[in-house]
Amino acid sequence: MASAFTADIVPQAPEDPLFGLMAAYRKDTFAQKVDLGIGAYRDDNAKPWVLPVVKKADKIIADDPDLNHEYLPIAGLQQFTSASQRLSLGADSPAIKEGRVASLQTISGTGAVHLGALFLSKFYKYSGQTPTGYFSNPTWANHGQIFDTARLSHKTYRYFSPTTKGLDFEGMMSDIKATPEGSIILLHACAHNPTGVDPTQEQWKQIAQVMAQRRQFPFFDTAYQGFASGDLNKDAWAIRYFIAQGFELCIAQSYAKNFGLYGERAGCFHFVTAPGSDAQSTITRIASQLAILQRSEISNPPAYGARIASLVLNTPELFAEWEANLRTMSGRIIEMRTQLRAKLEQLGTPGTWNHITDQIGMFSFTGLSEKQVLKIREDAHVYMTKNGRISMAGLNSHNIDYFAKAVDKVVRETQ
Ligand SMILES: Cc1ncc(COP(=O)(O)O)c(C=O)c1O
């Protein structure tokens with residue numbers, strides 16, 4: 001029998017560019033090849049790093065005689081979601097105290113963005129219409145796909161300036177001002193992916209002010225708390241500031257990077273409703289609908305990663321050790337930034353390189369063009385995404401000289 005799913009109905013989809021890049025890297029047999037593609041932390045020997053605190057928590061859980069493999073509740077492990085609220089919103093958050101936060105454990109950050117998008121698609125109306133989502137240009141490649149799946153339309157606001165390789169703050173502000181009232185504005189809480197460029201606290205205040213005037217809905221994506229600066233509170237500043245301004249908003253939180261729990265899919269979705277006398281009944285209704293969306297998609301979330309994160313988040317000594325592990329990761333990345341910039345400046349590589357140290361987090365937008373990216377892959381076996389983004393975690397004391405020289409060469413040859 002012929003398939004009903006012919007090519008005109010189900011066309012061949014392109015390969016995910018990032019996972020395609022990983023496959024090409026794996027196939028490459030060149031000894032000095034460098035992987036700067038995927039956003040996962042690597043130690044100074046280019047190896048995945050299991051955080052020592054995660055190893056410790058893992059053992060405690062494995063040794064627990066009461067451990068079982070029953071289903072978690074629909075909203076996930078309660079100790080995990082409440083600790084996640086405190087981590088993101090701050091332990092003394094008025095929103096938590098006033099009981100106006102609904103939190104569900106999700107399939108990592110992706111699942112949290114997805115649950116938020118589904119909820120908004122189904123329930124968010126402004127002047128009778130479902131508002132459009134606005135993303136920074138550029139943004140994490142999956143945002144658009146997730147909103148498409150949830151049938152939410154999306155557009156972009158200006159964000160990155162190719163000239164300064166920093167924030168195009170004026171462009172961002174004027175684009176946000178120009179969006180329709182009630183629009184969903186997706187914001188990276190810290191360590192913007194892919195650019196590594198974040199607004200300053202002063203700029204965040206101005207963004208919040210415009211968004212309040214335009215009655216916009218902030219959708220925070222926080223995938224790098226503690227991983228960016230090494231300071232959990234600093235990296236959550238923008239979210240907490242917006243909540244203090246009384247916004248109704250949502251937060252998609254990932255523990256992939258800051259716990260190194262990439263494959264365990266530990267994350268959380270928080271919906272924070274605005275303060276007011278009916279806030280508690282509002283949040284109870286919202287939580288009930290989120291639970292139905294969750295049940296229809298995954299029934300209940302996976303337990304393992306959440307158990308590890310929960311144990312660490314809820315045990316003061318383990319929490320302190322986690323903070324030290326975070327400083328190890330963020331510190332190594334900051335050190336790589338310093339060294340890369342210094343090496344390019346020493347080599348006299350044409351252009352300016354201050355953006356390497358001005359940017360923050362896992363990624364740096366180098367400013368290399370697509371042509372240069374392809375050439376550096378061809379000539380030096382260095383793998384990075386076509387937009388010139390590098391994962392700083394892929395650099396280490398063994399390959400940074402090699403990489404700096406390869407950049408120097410490609411920039412000079414393509415000038
Ligand atoms: C901006 C941003 N949001 C969300 C995620 C979600 O990642 P995960 O689903 O692995 O938690 C990532 C991961 O790269 C990211 O960079």
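Predicted model: local features only at pLDDT ≥ 70, side-chain atom pairs only at ≥ 80, totals over all residues.
Start with Ser299. It has 10 other C-beta atoms within 10 Å, so Ser299 is exposed. Its place is the loop between α11 (279-297) and α12 (304-314). Look at the backbone there. Ser299 is not a glycine, yet its phi is positive, about 65°.

Buried or exposed? Ser108 has 26 C-beta neighbours inside 10 Å, so it counts as buried. Ser108 sits in helix α5.

That takes us to the ligand. There are 13 residues around it, and those that come nearest are Ser108, Gly109, Thr110, Asn193 and Ser254. Which helix gives the most to this shell? Helix α5, residues 108-123, with three residues. As for class, the shell has eight polar residues, four nonpolar and one charged.

The peptide bond from Asn193 to Pro194 is cis, and its omega is near 15°. Pro194 falls in the loop between β7 (184-188) and α8 (201-213). A cis bond also runs from Asn137 to Pro138, with omega near 5°. Pro138 is in a loop too, between β3 (133-137) and α6 (142-149).

Now step back to the whole chain. The protein has 16 helices and 13 strands. Its radius of gyration is 22 Å, and the globule rule gives 22 Å for 415 residues, so the protein is as compact as a globular protein of that length. Along the principal axes, the C-alpha trace spans about 65 × 65 × 55 Å. Buried residues are 46% of the 415.

What does the record say? An unreviewed UniProt entry annotates residues 32-406 as "domain: Aminotransferase class I/classII large". Over that stretch the chain is 46% helix and 15% strand.

Next, the domain division. Domain 1 is built from 17-50 plus 328-410, and domain 2 is 78-314. Their centres, taken over C-alpha atoms, are separated by 28 Å. Domain 1 puts 20 residues into the contact, and domain 2 puts in 20. On the domain 1 side, α13 (316-347), α14 (354-358) and β11 (363-365) each supply at least two residues. That side of domain 1 has nine nonpolar, nine polar and two charged residues.

Asn325 is in helix α13. How many C-beta neighbours does Asn325 have inside 10 Å? The count is 21, so Asn325 is buried. Leaving out residues up to four places away in sequence, Asn325 touches Leu51, Pro52 and Val53. Pro48 is 277 residues from Asn325 in sequence, but the two are 14 Å apart in space, C-alpha to C-alpha.

Conventions. Residues numbered from 1 in each chain as written. Near = placed C-beta within 6 Å. Helix = DSSP H or I, 4+ residues; strand = E, 2+ residues; numbered from the N terminus. Nonpolar A, V, L, I, M, F, W, Y, C, P; charged D, E, K, R; others polar. UniProt positions renumbered as here; feature names shortened; annotations may be inferred. Rg over C-alpha atoms; globule rule 2.2 N^0.38 Å. Buried ≥ 20, exposed ≤ 12 C-beta atoms within 10 Å, placed from the backbone. Domains from an automatic or database assignment. Contact = placed C-beta atoms within 7 Å.
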